[in-house]
Amino acid sequence: MVLWISGISGVGKTVIGREVCNNLKRKHNNVAFVDGDVFRGIMGNDLGYSLGDRKKNAERISKMCHFLNSQGIHVVCAILLNFPESQKWNRENIKDYYEVYLHASFETLLKRDSKNLYSQALAGKISNVVGVDIKFTPPLNPDLVIQNEGDRSVISIAQDI
């Protein structure tokens with residue numbers, strides 16, 4: 001199974017994904033957690049954040065999840081997936097693929113902005129930020145949509161997933 005948790009920066013993908021992974025590890029010993037920032041580091045941080053680099057990174061991650069899944073490893077993947085063609089590829093090529101879309105209002109994301117991405121992008125200091133100068137395309141057919149405005153605990157959301 002590949003459980004892909006998607007949404008833009010600050011929506012809670014990593015913290016919720018880790019909790020989901022921990023929950024699965026209580027039942028299965030073959031669970032891997034794939035986080036976008038960590039994956040970029042593993043790959044040598046050779047890509048930037050342009051639309052083209054983001055697409056290439058999404059393709060790499062999809063193929064890695066496919067590979068791990070084909071080896072009998074359950075994967076919890078907490079990564080923005082902003083490309084409908086990547087979502088389609090995942091559905092067509094990854095057995096037991098399950099997509100969760102985490103959503104929060106932009107106002108909530110601005111308040112959370114732990115990486116200062118939105119504040120820097122809105123001030124013109126950085127570019128290529130999804131939700132500011134790169135359009136975000138929500139998943140077309142997610143298996144589950146969760147609104148995460150901060151009114152529920154991470155544990156509660158992870159249990160729903």
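Mentor: Start with accessibility. Exposed means over 50% relative accessible area, buried means under 20%, and partly exposed lies in between (1.4 Å probe, protein chains only). This is a predicted model, where local features need pLDDT of at least 70, side-chain atom pairs count only at pLDDT 80 or more, and totals for chains, interfaces and linings use all residues. Residues are numbered from 1 along each chain as its sequence is written, and side-chain values use heavy atoms, with hydrogens and water left out.

A salt bridge here is a side-chain nitrogen of Lys or Arg within 4 Å of a carboxyl oxygen of Asp or Glu. That rule gives seven salt bridges. Helices are DSSP runs (H or I, at least four residues), numbered from the N terminus.

Take Arg60 and Asp46, among them. Their side chains form a salt bridge, N to O at 2.9 Å. This pair links distant parts of the chain, 14 residues apart. Arg60 belongs to helix α3 (residues 51-70), while Asp46 sits in the loop between α2 (36-42) and α3. Asp46 counts as partly exposed, because its relative accessibility is 46%.

Next, Lys88 and Glu92. The closest N and O atoms of this salt bridge are 3.5 Å apart. Both residues lie in helix α4 (residues 84-93), four residues apart, so about one helical turn separates them. Lys88 and Glu92 are both exposed.

Then Glu107 and Lys111. Their salt bridge has its closest N and O atoms 3.8 Å apart. Helix α5 (residues 106-112) holds both, four residues apart, about one turn of the helix. Glu107 is exposed, as is Lys111.

Note on methods:
Helices (H or I, at least four residues) and strands (E, at least two) are DSSP runs, numbered from the N terminus.
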